[in-house]
Amino acid sequence: MTGPVVRDIEAKSILNASKIYDYCVNPYTGCQVGCAYCYAALFMRRYSGHSEPWGDFVDAKINAPALLARQILKAKRGTIWFASVCDCYQPLEERYSLTRRSLEVLAGRDFPVVIQTKSARVRRDLDVIRRIPDVEVGFSIASEDETTIRLFERMSSPVAERIEVLKEFKAAGVRTFAFAGPLLPGNPERLAERLAGAVDHVLIDRMNYVPAVKPFYAGLGLLEALTDSFFRSQAARLSRALRDRGIRVEQVF
């Protein structure tokens with residue numbers, strides 16, 4: 001597989017308003033992880049001017065750390081989310097370190113930070129993350145079944161490795177969470193068992209834009225996994241199994 005089309009760009013803004021948290025920071029436009037269900041795929045090509053398929057282009061915002069350092073001086077205190085429309089630890093982070101350098105800007109500042117990824121590369125930055133006074137690190141884990149994950153997430157870290165990193169961060173005193181969404185086929189009880197001791201809480205979500213992904217699911221023979229009954233059943237089973245293990249759960253659909 002050839003690599004993505006990569007451009008170095010200078011962003012006009014990096015600390016942007018978010019509907020999920022107060023702010024979001026996306027050091028990259030585009031994402032090599034290339035998840036088949038990613039909602040950003042619905043609009044990011046048009047927004048960025050790229051014609052390549054989702055997952056095959058990335059714009060690196062090379063001025064992100066310096067821009068964040070300027071914007072944070074005038075920003076009202078609020079929670080900053082890394083990231084909303086890309087994985088901030090996608091493979092190109094190894095070359096650019098835009099996420100790490102942006103987190104260094106926030107070290108010691110009074111801004112809560114939430115980091116969400118599917119990549120074990122976040123492990124590299126534990127030293128910086130521990131210097132942020134109010135920080136939480138989480139992994140998106142939509143299923144415990146690695147075969148299923150490989151069908152939907154082209155370049156994510158193996159589930160076992162994500163959970164291993166969560167345990168390492170939790171042992172280091174960093175708050176941790178898992179985002180189980182959009183729920184994919186798998187065994188909810190087994191997922192809860194694996195998350196025990198690794199996370200402080202879990203968020204559960206469904207697929208919210210079914211028509212856009214229906215052809216992909218159909219090609220895999222998984223249309224049943226797009227039904228309301230599937231999401232209700234999976235969420236109920238996962239919630240029950242997590243609560244049985246003393247893990248806080250929030251269902252967001």
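User: Quick one on Asp59: buried or exposed?
Analyst: Asp59 counts as buried, at 2% relative accessibility. Buried means under 20% relative accessible area, exposed means over 50%, and partly exposed is in between (1.4 Å probe, protein chains only).

User: And what kind of model is this?
Analyst: It's a predicted model: local features need pLDDT of at least 70, side-chain atom pairs count only at pLDDT 80 or more, and totals for chains, interfaces and linings use all residues. Residues are numbered from 1 along each chain as its sequence is written, and side-chain values use heavy atoms, with hydrogens and water left out.

User: OK, back to Asp59. Which residue does it form a salt bridge with?
Analyst: Arg7, with the closest N and O atoms 2.8 Å apart. A salt bridge here is a side-chain nitrogen of Lys or Arg within 4 Å of a carboxyl oxygen of Asp or Glu. Arg7 sits in strand 1 and Asp59 in strand 5, so the pair ties together parts that are 52 residues apart in sequence. Strands are DSSP runs of E with at least two residues, helices are H or I runs of at least four, and both are numbered from the N terminus.

User: How accessible is Arg7?
Analyst: Arg7 is partly exposed, at 34% relative accessible area.

User: What sheet do those strands belong to?
Analyst: An open sheet of three strands, in the order 1-5-4 with mixed pairing. Strand 1 (5–9) and strand 4 (28–29) are the edge strands, each pairing on one side only. Two strands pair if DSSP finds at least two bridges between them. Strands 4 and 5 (residues 57–61) run antiparallel and are joined by two bridges. Tyr28 stands opposite Ala60 of strand 5.

User: How many salt bridges in total?
Analyst: The count comes to 19.

User: Give me a couple more. What about Arg121?
Analyst: Arg121 bridges to Glu94, with the closest N and O atoms at 2.8 Å. That pair links distant parts of the chain: Arg121 is in the loop between strand 7 (113–117) and helix 5 (126–129), while Glu94 is in helix 3 (residues 93–96), 27 residues apart. Glu94 is exposed at 57% relative accessible area, and Arg121 is partly exposed at 25%.

User: What about Glu153 and Arg162, buried or exposed?
Analyst: Both are buried, and their side chains meet in a salt bridge at 2.7 Å, N to O.

User: Which residues make up a network?
Analyst: Glu93, Arg100, Glu104, Arg124, Asp125 and Asp127 are linked in a network of salt bridges.

User: Switching topic. How far does helix 10 reach?
Analyst: Helix 10 (residues 228–244) has 17 residues and reaches 24 Å from first C-alpha to last, close to the expected 24 Å. The expected span is 1.5 Å times one less than the number of residues.

User: And what does its buried side pack against?
Analyst: Strand 9 (175–180), helix 8 (188–195), strand 10 (201–204) and strand 11 (248–251), where contact means heavy atoms within 4.5 Å. The buried residues of helix 10 include Phe230, Phe231, Leu238 and Leu242.

User: What comes after the helix?
Analyst: Helix 10 is followed by Gly246, which has a positive phi, near 75°.
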